[in-house]
Amino acid sequence: MVAERFRKDAEELRPRLVGIRRELHQYPELSMAEFETTRRIRRFLQDEGIVILPLDVPVGVVAEVAGERPGPTIALRADIDALPVQEETGLPFASRIDGKMHACGHDFHTAAMLGAAVLLQKHARHLHGRVRFLFQPGEEKGCGANVLIKAGALDGVHAIFGMHNKPDLPVGTIGVKTGPLMASVDGFAITVSGKGGHAAVPQAAIDPIVAASAIVGGLQTAISRSISPFERAVVSVCQFHAGTSWNVIPDTAILEGTVRTFEPHVRKNMPGLLQRIAKGIAAGYGADARLEWFAGTPTVRNDPVTTEVIRAAAEALHLTIVEAQPSTGGEDFAHYQTKVPGTFIWMGTSGTEEWHHPRFTVNEEALVPSAALFALAALYAAERWSESDAAGHRVEAGRTP
């Protein structure tokens, strides 16, 4: 009965959700500069009478809907930032900001979670505890989740849910899985030091470009010969900087790239492995190599209990559920999951292009099932944690009560 009411009420919200999504789409803002986006989200929530928490954050909004029954605090998260992409969709509501676009669908995520907030506010009599809404800045830079965590947005939260639109899944379909869904994201820089000299007299130099070129190929053995074929990982060299003249061998060459992994022990071993490979190859050319490692976001790893909850909500709404295909893309939603149990899902949007493409679009029909699903999942999670507390024990990550 509650699921049907949520679905029906979400359908009635459709014009408003489409309107706010298109408004946000026309005025995209980049990571940690979402000032106007923050203002628009606050205005919408205030118009609905939804409480905004007074957290000390420069951008982003944290709001809360209180239920009429005692219980836990469940969090729902949406990211709000856009990308430095020139839009090429030709839509009547296309970006009005030159060189900026919601090319990853965060406007869709935001509008759907605003809809979930309205639904829960309307049905607060059924809600145990509170639902906290995290409209998070800076996801594209991988820093926004930690900004909100440090400000206290996760204090007292028992579980968290989030989503990313998935263009290759149809509207009405969600991708769900327990365990790792998105990879950890780390960066590296390798400085190869040789000895500069005249390009016409290479024997008097130690060419760091030749050594670095060999390292680029050698790094691929970090995957093919040092990691089990059953453990996925990616090493990509994306920048190669060396030299200032066509006829001078430089002293140094610099490689920069990214590493993606799914398992903690693989991630832990990668810096030492890359350093060993780079240093060994460089030594063969008489050069030296030094690795700098830039730790980024951990793996998005879905908890069994929260995943079971969102599956139940999807089933109640008669959505199609498929096994989510993991992505080597990263998501700073993972930072929340290091603090509390959580689940991140794919939401089908029947899109035309993949994420970050200048002609990326979402089918706005997906706003209704998204809003209903997350409102219902929060309701179910609150009930589950309330029942667990009443039984005298707490639901722990990875443990079904």
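Eight bridges tie strand β8 to strand β13 (residues 288-297), and these two strands run antiparallel. Keep in mind as you look around that this model is predicted.

Strand β8 also has a partner in strand β12 (residues 252-261): 10 bridges join them, and this pair runs antiparallel too. In β12, V185 stands opposite R260, while in β13 its bridge partner is T297. How many of the 10 residues of β8 (residues 184-193) are buried? Eight of them are, so the strand is mostly covered, given that buried means under 20% relative accessible area. If you trace a strand on your screen, a handy thing to know is that in a regular strand the side chains alternate between the two faces of the sheet.

Now turn to a helix. Residue M113 sits in helix α3, which spans residues 106-122. Is M113 buried or exposed? With a relative accessible area of 1%, M113 counts as buried, because the cut-off for buried is under 20%. Which residues does M113 touch, if we leave out those up to four places away in sequence? They are L76, R77, A78, F133, F135 and F374. One of these contacts, F133, lies 20 residues from M113 along the chain, and the C-alpha atoms of M113 and F133 are separated by 7.6 Å.

Finally, let us explore the empty space. Rolling a probe the size of a water molecule over the atoms shows where empty space is left.

| Pocket | Volume | Nonpolar lining residues | Polar lining residues | Charged lining residues |
|---|---|---|---|---|
| Largest pocket | about 340 Å³ | four | seven | seven |
| Second largest pocket | about 170 Å³ | three | five | three |

The largest pocket has a volume of about 340 Å³. Of the 18 residues that line the largest pocket, E139, E140, G330, E331 and H356 are the closest to its centre.

The lining of the second largest pocket includes S184, T261, E263, P264 and R267, and also P298, T299, R301, A334, Q337 and T338. Which elements give two or more residues to this lining? They are α7 (264-284) and α9 (333-337).

Terms used:
Residues numbered from 1 in each chain as written. Predicted model: local features only at pLDDT ≥ 70, side-chain atom pairs only at ≥ 80, totals over all residues. Heavy atoms only, no water. 1 Å grid on protein atoms, 1.4 Å probe; cavity = no way out; pocket = protein on both sides within 12 Å on 5 of 7 lines; lining within 4 Å. Points joined across faces, edges and corners; volume = space filled by probe spheres on them. Nonpolar A, V, L, I, M, F, W, Y, C, P; charged D, E, K, R; others polar. Helix = DSSP H or I, 4+ residues; strand = E, 2+ residues; numbered from the N terminus. Buried < 20%, exposed > 50% of the residue type's maximum accessible area, 1.4 Å probe, protein only. Contact = heavy atoms within 4.5 Å. Pairing = 2+ DSSP bridges.
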